[in-house]
Amino acid sequence: MPEVRTKRKPVRLSKPSAPLTPTVRTVPDRSLIKGRANFRPKTSIPQDITAEEYAKQCSQAALNSRLSPHVLHPNEYQMLREHINHLQVTTYLNIRNGILRLWQRNPLVSVTREEAAGCAKDYRYFDVADIAYEWLVRNGYINFGCIEVPNTLSSSQSVSQRKKRIVVIGAGIAGLGAARQLEGLSNQLGGEFGPMDGPVEIVVLEGRGRIGGRVYSHPLHGQTATGLKDGKRATADLGASIITGFDNGNPLTVLVRGQLALNYHSLHDNSLIYDCDGSVVDKTRDNQTERLYNDILDRVAVFKKKPTPQGLDPRHPTLGKTMDAVLDQYQSLTNITPLDLRLINWHYANLEYANAVNVDKLSLGSWDQDDGNEFRGAHAMLIGGYTQLARGLWLSPRKLDVRTNHCVRKISHHQSGKAKVECENGTVIEADKVVVTLPLGVLKAGSVEFDPPLPEWKQGAISRLGYGLLNKVVLVFDEVFWDAENDMMGLLRSPVGDESKQSSYESRRGRFYLFWNCTEVSGRPMLVALMAGEAAHQAEVESDESIISEVMGELSKIYAAKKIPIPVETIITRWQKDVFSRGSYSYVGPEATGEDYNLLAKSIDNTIYFAGEHTCGTHPATVHGAYISGLQVAHDIMDSLLGPIKVPSPLIPSKPKYEGAYTSSAGQKRKAEKSAIEKAREMKEARLEKYEEKLREALHEALGERPSKPFRSGANPFLLYQKDHWFICKAKCDEARRKATGNPEDKATRNEVRAALGLMWREAPEEEKKPYLNETESNKKNNSQAVVEFKKKLQAWDDAAEKFTKEWKEKNPSLPDGEEQDVIREAEIELSEAKRNRKLNGFMDDSDAE
């Protein structure tokens with residue numbers, strides 16, 4: 001029965017000898033705050049699903065928003081640490097996750113404060129819902145993207161001339177995302193500005209004649225021959241082209257799937273790898289070499305905290321040199337053939353594609369500092385081109401003020417808090433805030449002057465972080481001559497010099513090492529060859545004719561049995577020569593660390609802000625990382641304008657206690673009896689609890705215990721091996737540790753023992769592994785059989801229990817006794833009176849005298 005939040009009188013169970021005085025409310029009534037009079041608890045909690053299913057959906061919504069469903073975000077903790085206790089954290093998280101569920105289930109419609117309040121189970125938690133709602137809105141977890149959002153600006157604010165102007169430099173994904181989010185936050189939080197302050201004015205300046213930045217879908221010739229539907233153009237993505245997984249929090253999921261409804265093609269790892277002579281590489285050989293490559297990476301990781309192999313720079317060791325040193329050790333121990341080296345270097349090239357640089361220029365200690373933040377799910381390409389995302393951010397729900405062909409040459413800011421942006425075409429714009437989304441390559445080149453100059457800590461981060469290069473060779477044909485079912489194919493490259501030396505492969509391994517089949521997404525028969533590592537820089541200086549001739553020669557080897565047609569259109573990218581990008585995306589250079597991403601993201605004097613993939617340490621070098629940085633910078637600016645979220649105190653009031661008092665003829669005060677509503681609820685709960693207990697006892701007596709899940713025997717051979725060899729390995733590790741440190745009491749850590757055991761297992765001969773593998777197979781069969789039997793028993797017990805419960809309840813209905821029926825009638829009278837008072841009083845606050 002819902003709690004009544006109005007002034008009320010206690011139920012008159014017997015006539016008192018003196019008139020009753022008004023009831024005293026002992027908790028604050030915040031029902032009028034922000035127009036809450038019509039808010040109701042539980043209205044956003046569905047009644048047609050179980051509590052368990054609702055909790056599951058809420059938890060998944062948090063995960064899909066890059067938040068833990070069970071732990072406060074560090075910023076949430078800082079905001080709430082003085083206002084709630086450990087037990088109340090659960091209440092906050094339940095409400096927060098419920099709000100996220102509303103958003104994730106339909107991101108076409110913004111979540112309102114009233115809907116957020118409906119995620120609370122009691123009026124007392126409305127402030128919690130309000131704080132959770134505002135935190136999620138400000139931080140870009142809900143109500144972001146290409147949708148209409150609630151507008152809280154008053155009529156006087158809408159016509160006010162006192163507007164804050166924010167200039168965003170760059171109309172790439174970071175810039176457009178920041179501008180769109182700032183517009184949305186200005187509307188949603190406008191009520192928190194001063195009464196005469198107008199909405200935020202946002203101006204986006206773009207040096208190019210187009211939007212998108214390094215996201216560029218170049219239109220192909222011959223649009224009439226396109227195979228795309230819905231009027232989409234045939235394009236080639238010359239810059240970013242891959243969405244790296246939709247699951248576990250990628251904000252592009254909301255934009256692409258939930259709002260813009262863009263069609264996409266999921267990529268499948270069904271590729272073949274061809275050798276340099278055009279023959280198909282044996283899959284078994286490929287898998288074996290890939291395991292060797294992964295083992296090299298595992299061994300390289302050891303040197304992050306230990307001295308590097310002899311001969312390497314101990315101050316700033318690089319990933320590539322360390323990998324080569326480990327590979328040299330393998331070559332001295334086993335027979336690694338030229339084919340093995342070509343395969344290993346194909347994986348090197350793939351790593352150079354991921355980082356846009358030769359592995360010799362990656363920091364050994366920090367090159368993978370963003371590991372663990374990857375999104376899950378198949379990678380995908382947008383049908384019709386990635387630029388559709390940029391256009392969606394620009395146009396929906398209404399056009400942003402984007403001014404193309406405005407190349408910025410100087411950014412000035414002063415102690416007054418104002419800034420000035422000067423363009424090469426003579427345009428000068430005064431601004432309260434400036435968001436710089438220039439690529440890291442442009443910042444490195446010093447193409448834009450800052451007055452005063454950027455502080456040393458900012459310039460240091462710009463210098464230390466690397467900015468890499470990836471180029472593409474686009475080949476458009478009239479017909480498909482390759483395997484149309486394969487999304488990609490790999491190509492091994494021959495060395496320059498001695499085929500037994502690793503150094504001979506470095507310069508050529510990234511040339512056309514991977515072909516993407518882009519026919520389905522472009523609308524034309526099209527292959528895109530990648531130029532990674534050193535090859536990307538070679539493409540900048542080589543002629544189109546020589547590059548096209550070479551790549552067609554490689555295709556002729558692969559498809560020697562076919563007549564390879566001449567491409568009808570070719571495009572070769574040269575991103576380093578593009579003055580608006582100067583390259584492709586960032587990487588962690590030898591002297592850099594993950595902290596440099598944070599330094600690049602840090603604002604200057606709360607006036608000059610920075611965004612872009614190079615400012616997002618958790619997701620660098622990605623489109624979604626650029627977009628996340630735009631959301632973050634919008635949050636930072638709004639916090640600087642509005643201040644931090646104001647948390648009321650107490651955030652969660654105590655349970656309401658209505659203490660009616662009256663005076664007897666003797667002048668003595670007595671407390672009113674407990675309300676009939678509370679009595680009725682307590683009596684019903686007690687009756688049903690006893691009823692359920694009797695049912696459980698009867699059920700157990702009739703059917704016995706419900707079958708429990710069988711114990712699963714070990715199904716991991718390594719764990720069985722570890723159990724037998726743990727103490728043997730630990731003794732060896734302890735001994736090695738004592739020798740290394742010279743301390744006879746020193747012992748190896750558990751992680752060191754685990755790592756050594758993993759190495760022992762990998763290097764163990766097959767004869768030694770066989771007993772554990774056999775035991776595992778036997779256990780798996782036994783486990784499977786036990787699960788089948790368990791499911792049969794469980795189903796039989798559940799069927800019998802359902803039948804027994806139905807029959808038992810029919811014979812033994814739970815009915816209130818006479819006393820409970822009297823209290824129910826009194827509660828109905830009390831509730832009717834409370835509703836009537838609520839209409840009369842309009843949820844008015846209690847007086848200060850109370």
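View 1. Cys518 is buried, at 5% relative accessibility, where buried means under 20% relative accessible area, exposed over 50% and partly exposed in between (1.4 Å probe, protein chains only). Keep in mind that this is a predicted model, in which local features need pLDDT of at least 70 and side-chain atom pairs count only at pLDDT 80 or more, while totals for chains, interfaces and linings use all residues. Residues are numbered from 1 along each chain as its sequence is written, and side-chain values use heavy atoms, with hydrogens and water left out. Cys733 is buried too, with a relative accessible area of 14%. The closest cysteine sulfur to that of Cys733 belongs to Cys729 and sits 3.9 Å away, too far for a bond. For the count, a disulfide is a pair of cysteine sulfur atoms within 2.5 Å, and a search of the whole structure turns up zero of them.

View 2. Ser396 and Pro397 are joined by a cis peptide bond with omega at about 5 degrees. Pro397 falls in the loop between helix H12 (387-395) and strand E9 (402-403). Helices (H or I, at least four residues) and strands (E, at least two) are DSSP runs, numbered from the N terminus. The other cis bond in this view runs from Ser649 to Pro650, with omega near 0 degrees. Here the proline, Pro650, lies in the loop between helix H19 (623-642) and strand E23 (658-659).

**View 3. Positive phi without glycine.** Arg66 is not a glycine, yet its phi is positive, about 65 degrees. Look for Arg66 in the loop between helix H1 (51-63) and helix H2 (74-80); its relative accessible area of 26% makes it partly exposed. Ala621 also has a positive phi, about 60 degrees, despite not being a glycine. Ala621 is placed in the loop between strand E22 (608-610) and H19, and counts as partly exposed at 25% relative accessibility.

**View 4. Inside the nonpolar cores.** What counts as a core here is a set of buried Ala, Val, Leu, Ile, Met, Phe, Trp, Tyr and Cys residues joined through side-chain atoms within 4.5 Å. The largest one has 86 residues, and Tyr92, Ile99, Ile142, Ile173 and Leu176 touch the most other members. Leaving aside neighbours within four places in sequence, Ile173 is in contact (heavy atoms within 4.5 Å) with Gly212, Val215, Leu389, Ala390, Leu393, Val623, Ala626 and Tyr627. A second, separate core has 34 residues, including Ile242, Leu343, Val474 and Trp575.

**View 5. H1 crossing H3.** H1 and helix H3 (residues 86-105) pack at about 75 degrees, with their axes 8 Å apart. Axes are lines fitted to C-alpha atoms, for helices over the stretch in contact, and angles run from 0 to 180 degrees between N-to-C directions. That makes H1 roughly perpendicular to H3; angles of 65 to 115 degrees get that label, under 35 is roughly parallel, over 145 roughly antiparallel, and the rest oblique. H1 brings Tyr54, Gln57, Cys58, Ala61 and Ala62 to the contact, and H3 brings Arg96, Asn97, Gly98, Leu100, Arg101, Gln104 and Arg105.

View 6. Val71 lies in the loop between H1 and H2. Val71 and Leu93 are 22 residues apart in sequence, but 7.7 Å apart in space, C-alpha to C-alpha. Not counting residues up to four places away in sequence, Val71 touches Leu93 and Arg96.
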